[in-house]
Amino acid sequence: MAVDYNATFQDYDPAGDATTNGNADFGGTMIDDGFWNVGEPAYGYSQYDYEGYFVSGGHTFLVFYSASTSQPALLSPSATLAEFPSTFQMGDFALTTDPLPVCFAAGSMIATPEAERAVETLSIGDVIRTADGGTTMVKWIGRQTMHKRFTPAERFAPVRVHSGALGNGLPHTDLVLTADHALVLDGLAINAGALVNGTTITVEPIGTLPERVTYYHIETEGHEIILANGAAAETYVDYVQRRAFDNYAEYLDLYGEEPAIVEMPLPRVSAPRLVPSAIRARLMRERAA
């Protein structure tokens with residue numbers, strides 16, 4: 001079964017010069033799981049195989065390559081032809097093949113000294129609360145748009161932490177965040193995906209999600225603990241390069257360089273089997289309540 005994907009594309013010859021361009025139904029065979037996978041042939045352009053994607057100028061570009069002709073092709077669901085690279089060869093951009101967003105979904109309520117605010121409404125310079133009762137300033141709000149058709153399901157679908165799932169009434173309302181975004185429990189930074197129990201902490205059904213989902217991260221001067229829907233959660237730490245975000249160019253315009261962020265001295269738990277038994281037992285009690 002093929003899935004049509006209407007977008008703008010640009011072919012390049014082996015020297016990197018543009019050759020053919022326009023609009024096309026540029027889909028993938030997607031027989032196995034419905035998502036773009038590296039090496040998957042492009043429907044209607046079977047000589048081209050999917051290699052990954054990169055973000056430039058706020059646009060996502062899918063990269064395809066023909067081994068028989070040594071020609072690459074780019075496709076973008078949002079860029080106009082004028083916004084495509086004027087020349088392109090394989091290796092010009094670092095490709096993302098396994099997206100790893102570490103972000104909040106739109107609507108996540110972040111505590112500020114005055115009141116909670118939805119993460120997507122925050123701006124650079126806004127003051128937000130930290131879990132220890134202090135405050136910190138927003139340095140940048142990064143956005144990452146994930147596309148269902150070429151993002152593995154386990155990376156595309158976020159985790160829903162249902163109201164009260166963590167105990168003590170937290171979070172106060174359902175909190176939706178990516179699986180690799182850590183919540184802080186008992187002095188541990190535990191990735192949300194490691195806490196999934198199938199009832200009070202669940203993975204969002206892929207069929208209920210739109211074709212594109214935008215996640216948001218909050219960068220502060222350091223790696224800190226803030227409050228999202230009342231629950232303690234981490235700010236951005238550069239496990240994921242900023243270039244993976246839609247507005248990466250904005251960051252460079254503002255700061256000119258990408259400083260490393262030192263991770264907080266908290267043990268990180270990334271797999272369910274590593275979650276301490278005391279925490280698992282508490283989550284089970286909340287599930288049964």
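Here is a short briefing on this model, grouped by topic.

This is a predicted model, so local features need pLDDT of at least 70 and side-chain atom pairs count only at pLDDT 80 or more, while totals for chains, interfaces and linings use all residues. Residues are numbered from 1 along each chain as its sequence is written, and side-chain values use heavy atoms, with hydrogens and water left out.

**The overall picture**

- The chain has 3 helices and 22 strands; these are DSSP runs (helices are H or I with at least four residues, strands are E with at least two), numbered from the N terminus.
- Of its 289 residues, 48% count as buried, where buried means under 20% relative accessible area, exposed means over 50%, and partly exposed is in between (1.4 Å probe, protein chains only).
- Contact here means heavy atoms within 4.5 Å. Among the contacts with a separation of 6 or more, 59% are between residues 24 or more positions apart.

**How confident is the model?**

- The mean pLDDT is 84, and 84% of the residues reach 70 or more; pLDDT is the predictor's confidence in each residue, from 0 to 100.
- Residues 1-5 stay under 50 in pLDDT, and residues 27-35 are below 50 too.
- Where pLDDT is low, the predicted coordinates should not be read in detail.

**Salt bridges**

- Side chains of opposite charge can pair when their charged atoms come close. A salt bridge here is a side-chain nitrogen of Lys or Arg within 4 Å of a carboxyl oxygen of Asp or Glu, and the whole structure has 8 of them.
- Glutamate 204 pairs with arginine 160, with the closest N and O atoms 2.9 Å apart. This pair links distant parts of the chain, 44 residues apart: glutamate 204 is in the loop between β18 and β19, and arginine 160 is in strand β14.
- Glutamate 204 is buried at 13% relative accessibility, whereas arginine 160 is partly exposed at 23%.
- Glutamate 219 and arginine 242 meet in a salt bridge at 3.0 Å, N to O. They sit 23 residues apart, with glutamate 219 in strand β19 and arginine 242 in the loop between β21 and α2.
- Glutamate 219 is buried, at 1% relative accessible area, and arginine 242 is buried at 2%.
- Salt bridges that share partners also join Arg160, Asp174 and Glu204 into one network.

**Nonpolar cores**

- In soluble globular proteins, nonpolar side chains tend to be buried together. A nonpolar core is a set of buried Ala, Val, Leu, Ile, Met, Phe, Trp, Tyr and Cys residues joined through side-chain atoms within 4.5 Å.
- The largest core has 31 residues, and those touching the most other members are Phe104, Ile110, Val161, Leu166, Ile190, Leu195 and Ile218. The elements giving two or more residues to this core include β14, β19 and α3.
- Who does leucine 195 contact, leaving aside neighbours within four places in sequence? Its partners are Leu166, Leu183, Leu185, Ile190, Ile201, Val275 and Leu283.

- Proline 158 lies in the loop between α1 and β14 and is buried at 3% relative accessibility.
- Beyond its neighbours within four places in sequence, proline 158 contacts residues including Val176, Thr202, Glu204 and Leu209. Leucine 209 is 51 residues from proline 158 in sequence, yet their C-alpha atoms are 9.6 Å apart.
- The peptide bond from leucine 170 to proline 171 is cis, with omega near -10 degrees, and proline 171 is in the loop between β14 and β15.
- Aspartate 186 has a positive phi of about 50 degrees although it is not a glycine. Aspartate 186 is in the loop between β16 and β17 and is exposed, at 54% relative accessibility.
- Is asparagine 229 buried or exposed? Asparagine 229 is buried, with 1% relative accessible area; its phi is also positive, near 50 degrees, and it lies in the loop between β20 and β21.
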